[in-house]
Amino acid sequence: MLSLRSATSALLLRTGTQIATVRAVPRVRSSPIRLCGSPPIRALSLSGCLWKKKKRSAWLEMTEGQNMDGSIEEVLAPLRLAVKEQGDLVRKLKAENAPEVDVNKAVAELKARKRILEAKELALQPKDDIVDRTKMEDTLKRRFFYDQAFAIYGGVSGLYDFGPVGCALKNNILQVWRQHFIQEEQILEIDCTMLTPEPVLKTSGHVDKFADYMVKDVKNGECFRADHLLKAHLQKLMSDKKCSAEKKTEMEGVITQMDNYTQQELANLFVQYNVKSPITGNDLTPPISFNLMFQTSIGPGGNMQGYLRPETAQGIFLNFKRLLEFNQGKLPFAAAQIGNSFRNEISPRSGLIRVREFTMAEIEHFVDPNEKVHSKFSNVADLEIMLYSSKAQTSGQSAQIMRLGDAVEQGIINNSVLGYFIGRIYLYLIKVGVAKDKLRFRQHMDNEMAHYACDCWDAETKTSYGWIEIVGCADRSCYDLLCHARATKVPLVAEKPLKEPKVVNVVQFEPNKGAIGKAYKKDAKFAMEYLAICDECYITEQEKLLNENGEFTIETEGKTFKLTKDMVNVKRFQKTLHVEEVVPNVIEPSFGIGRIMYSIFEHTFRIREGDEQRTYFSFPATVAPYKCSVLPLSQNQEFMPFVRELSEALTRNGVSHKVDDSSGSIGRRYARTDEIGVAFGITIDFDTVNKTPHTATLRDRDSMRQIRAEVGELPEIVRDLANGAITWAEVESKYPIFEGQETSKKETVEE
């Protein structure tokens, strides 16, 4: 579910002191895309989206050499207009029930324009807003936050090992997640197996649909994701000065349609543009479909096929009945799971952003579809959050800061349950260190959402890679429970007592047992059992097929049954209910922990003013790998009893800490602990030894300011700071600021 959308594009405008300007024209034109050995793709029929050969994409003509004297909005205005025009066209096509191929082309063009607009917005951001990724990644690797797995064997792409600091940070992020969601919301946590039998993932759709197209180097077998390789190859060709304007326009059109190509169309394009392996220059195989799940067999016989789970959610759905019983049969309730998932990415890249093994934290909130109102929504209704609605995206507008309550009232967010979780996700991300001004919630457009979803929002963070999705929050309706109920013949429903009896319309299959038995013999019982548990929506769909085609097909128990009009019909009647069966809808917040960690790295990375070599991470104290360091001023043995006393007291108070009694100046050791994000530092100096009551200094990492307090008080002060019970400003107001020690070893000897 989590996916990285690149902020770069083949049409990315040139940035620098001399930048490209954009000129909008009233009609959109582009050349047709000609596949190898095939006629041009048919033009869209409506005016406003005509495709003509030998014309540049007129909505984006670049005139080089103009200095950027106007405002940023003046530069972006033509791009916004282009997105709006295309969004209007998509809506018009849908309203007029235009052919699906035309709608898909228009949507692909809309996505391309959106990407260009977003890339330009990022290119125009202030330079001081961009992290020095090279310097940051050097710090992460040097201090072993994480590193490529199996490095001494050459490493494996997309697999990472977390070192002591990264492991502590990740655990703290998860600990805050548990406290923020599981404890505060009284969510039921479960822990399911990672190995999943094939029928489960067949039912969920992962076996058939969880795939990308891949090409292989014919000589060494190296694999590449087909669409990514084709796009990179075309961008390289377009950057060649010898590439004609006509060719550039043609290739721009190919990139625009990249998401819509079939397997054969991709193969034709690879031949047409003579795409080779970017590493060896060797020929490539035609694109093949590659399922992204890791397949295995369960048991020594190899008869049961299985996969490493691609998400944690399915385990929760399968345990719905037990969870409902645990919750005394009442709705709403929520279940959660934290654990690793696996996706066999063809071309893993961008560090922790696209990997093959990753930690997810997912919540499934089960709610009555007729009662999608959250009792605690008022707690978050006044939050001001940056929202990027579907309407804004198709109109070329920017994300807007909006009150969450207003967004729900105006119908921008579908319901208050979804709105409540968006608010809670926002508060959690801010708490763990995501920058407020680099966080937005982007609504999925209609063409992005699954057919069963009511609404879906992604929490996205702005990074050096562009905007990346780190949390998805979707209203998945009742799709998952219905699919598993249909496949297993186990009703996954909740019972709701009615205040008064209710007469309802019932729709169910009425099978002709004799006809089905005659056709399928001993297997007939499987078909009968399947028909008995089908829901009204499914029955209505199959009834339509029965009327149109005279038959429909079902699959159950690994067998396929073709049912005709003489075998089954649909029966409608009324019955009186005293207890209503409800198939709950599901609100699903899904967190990618690795992506959240990477966002925190970028958003908290700092360079000390006046010293380019001193870098540090400004992690919030709640998630800092170590809350505190204990630093004796030197290796003088007089300091050691106080070091031991403080270390033991910090441990009793549950404060993770690091003792650094190594050689080196105190300034160098401060820098060393700052570099791994240690929030506070206690220093034992000669005043600690010489004066009573014994005191030591406490240093704040970000401001580098220090106070002095009694040794016995310091562990509790650090504990309260780390828990967020008090702030550093409150500590400074209560204790004296440290200016310098007043005694020394020499003075002690003289006394």
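1. A nonpolar patch here joins Val, Leu, Ile, Met, Phe, Trp or Tyr side chains within 5 Å, taken from residues with over 30% relative accessible area and no salt bridge. In this predicted model, F150, I152, Y153 and V156 make up such a patch on the surface, and their accessible area together is about 540 Å².

2. Within that patch, Y153 sits in the loop that runs between β5 (146–148) and β6 (160–162). Y153 counts as exposed because its relative accessibility is 76%, and the cut-off for that class is over 50%.

3. S395 also belongs to a loop, the one between α12 (390–394) and β17 (400–403). Its relative accessibility is 12%, so S395 counts as buried; the limit for that class is under 20%. Apart from neighbours within four places in sequence, the contacts of S395 are R80, V83, K84 and R91.

4. The second largest pocket holds about 580 Å³ of space. Its lining consists of 27 residues, and those nearest the centre are N327, L331, P332, F333 and H365. Two or more lining residues come from each of β14 (333–342), β15 (357–367), α14 (416–432) and β21 (494–511).

Methods:
Residues are numbered from 1 along each chain as its sequence is written. This is a predicted model: local features need pLDDT of at least 70, side-chain atom pairs count only at pLDDT 80 or more; totals for chains, interfaces and linings use all residues. Side-chain values use heavy atoms; hydrogens and water are left out. Helices (H or I, at least four residues) and strands (E, at least two) are DSSP runs, numbered from the N terminus. Buried means under 20% relative accessible area, exposed over 50%, partly exposed in between (1.4 Å probe, protein chains only). Contact means heavy atoms within 4.5 Å. Patches are made of residues with over 30% relative accessible area and no salt bridge: like charges are joined within 9 Å, nonpolar side chains (Val, Leu, Ile, Met, Phe, Trp, Tyr) within 5 Å. Accessible areas come from the Shrake-Rupley method with a 1.4 Å probe; for residues, only the protein chains shown count as cover. A salt bridge is a side-chain nitrogen of Lys or Arg within 4 Å of a carboxyl oxygen of Asp or Glu. On a 1 Å grid over the protein atoms alone, a cavity is a set of points where a 1.4 Å probe fits but cannot get out, and a pocket is an open set with protein on both sides within 12 Å along at least five of seven lines; lining residues have an atom within 4 Å of a point. Grid points are joined across faces, edges and corners, and a volume is the space filled by probe spheres set on the points.
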